[in-house]
Amino acid sequence: MPAKRAWRKLVKKQQRQRRRQRQARAREKEEALEEEALKAKPEYEAWLKQQAELEEFHRLASERLRAEEEEAWLRREALAQRQFQIDRAKRAQEESKLESLRLQQAKELEEELEKQRKRREESKRLAEEAAAEFEAMLQRMQEYMDDSEDRTPPAELRRVVETNPAEKLCEFYTRTNCCRYGNSCTFNHRRPMLAKILLIRHFFTHPLLQVGETHKEYASTDEHLELTEQDLRNDYDEFFNDAIGELQKFGKILNFRAVRNTLPHLRGHVFVEYAQERFALRAFVNLQGRYYASRRLQVEFSNLKGWRGAVCGT
Ligand SMILES: [Zn+2]
C-alpha cells in the first residue's frame, strides 16, 4: 500500500475517534442536564418515593414470609418434641411397670425362699427336739432299768400305739396280740409301749408246726415222716430251756407260753411275763437286733388279758 493511502486512512481513523469522543461527551452532558431537570420536577420525586415504598413493601413481605416459615418450623419442632416426650414417658411407664413386676417377682421368690428356709429350720429344730427328747427318754429308761428303787418308768413309755384310732378295736388283735392282716387291718390295734408281758413273734419254729406252705418240703424227706408229737415235745423242751436261760437274765419270769398253733400269723409266738415291767423293759432293750435259730427276734410289749384266748387263738 502506498504510504499516502495509509496515512489518509490513519488520519480518517483519528478523525472518527475524535468525533465519537465529542459525541459521547455531548450526550453525557445532555443526560446530566435532563436528570437535573427531572429532579427539579415534583413528579419525579413522587415516583422515587413510590419506588422506595414499593421496595420497602417487598422487603416487609419477604420478611413476613420468612417469619411465617420459621413459625411453622418451630410449631413442627414443638410437636415433634411433644411426641418424643409422650413416647419417652410411655416407654418409661412400660419400663417402670416391667421393673415393678420384676421387683415383685424377686420379692415373691425371696419370700418363698425365706419360707422354705424357715420350714427347713423348723423341721430341723423339731428333729433336734425329737432327738433330744428321745435321748432323754433313753436316759430315763436306762435309769429306770438300772435302779431297782426307781418305781416310775419314763412317762413316754406309758403311751399306747394305735394303728386306726378312729376304728373299732380288732377282736383278734385284742385277744391274741396277733392279726392275720397285720398293719393293713382296717380295725384298731392297740399296743402298749411298756408292759410286764413281752411277745416274741415266731420264736419257736418246728417242722411239725410248718403245715401249709412248707408241708411238701418236709413231706418229701423221710426224716419228717418219722417226726412224732414226742419229737415236738422234746424239741420244745430244749428250746424252752435255751430261751428261759437267756430271758431270766433280765429278771424274774412268771409265765412262759408258746402258741402251739399252725396258723402262719400265730405259729411259734412266745409270751413271756416278767414279775416287773422293769425286767420286761431290760429284755426288750437287750433283745433288739438279736438272732435265734438264724432269725432276727421280733420283740414287742403285749397287753394280753388272758392266756387261754391267746395261746389257743385262731
Ligand atoms: Zn386286726
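I began with the lining of the largest pocket, and listed V161, T163, Y173, C178, C179, G182, N183, H189, R191, R201, V299 and E300. This is a predicted model, in which local features need pLDDT of at least 70 and side-chain atom pairs count only at pLDDT 80 or more, while totals for chains, interfaces and linings use all residues. Residues are numbered from 1 along each chain as its sequence is written, and side-chain values use heavy atoms, with hydrogens and water left out.

**Pockets**

I noted what a pocket is here: on a 1 Å grid over the protein atoms alone, an open set of points where a 1.4 Å probe fits, with protein on both sides within 12 Å along at least five of seven lines; lining residues have an atom within 4 Å of a point. The largest pocket holds about 270 Å³ of space, a volume being the space filled by probe spheres set on the points. I sorted its lining into five nonpolar, four polar and three charged residues.

Next I turned to the second largest pocket, at about 230 Å³. Among its lining residues I found F204, Y236, F256 and R257. Helix α6 (229–247) gives the largest share of that lining, four residues. I counted six nonpolar, no polar and four charged residues there.

**The annotated stretch and a strand pair**

I looked up the UniProt record: its unreviewed entry places a "zinc finger region: C3H1-type" at residues 164–192, though such annotations may be inferred rather than shown by experiment. Over residues 164–192 I read 21% helix and 10% strand.

V299, from the largest pocket's lining, stands opposite I200. Strands β3 (residues 197–201) and β8 run antiparallel, joined by five bridges; two strands pair if DSSP finds at least two bridges between them. In β8 (residues 298–302), four of the five residues are buried, meaning under 20% relative accessible area, with exposed over 50% and partly exposed in between.

**Aromatic rings**

How many aromatic pairs does the structure hold? I found 11, where rings pair if their centres lie within 6.5 Å, and planes under 30 degrees apart count as stacked, over 60 as edge-to-face and the rest as tilted. The rings of Y44 and W47 have centres 6.1 Å apart and planes at 20°, so I logged them as stacked. F239 and Y292 have ring centres 5.6 Å apart and planes at 70°, so that pair is edge-to-face. F239 lies in helix α6 and Y292 in strand β6 (residues 291–292), so their pair ties together parts 53 residues apart in sequence. F239 is buried at 4% relative accessibility, whereas Y292 is partly exposed at 25%.

Terms used: Nonpolar A, V, L, I, M, F, W, Y, C, P; charged D, E, K, R; others polar. Helix = DSSP H or I, 4+ residues; strand = E, 2+ residues; numbered from the N terminus. Buried < 20%, exposed > 50% of the residue type's maximum accessible area, 1.4 Å probe, protein only. Phe/Tyr/Trp six-rings, centres within 6.5 Å; stacked < 30°, edge-to-face > 60°.
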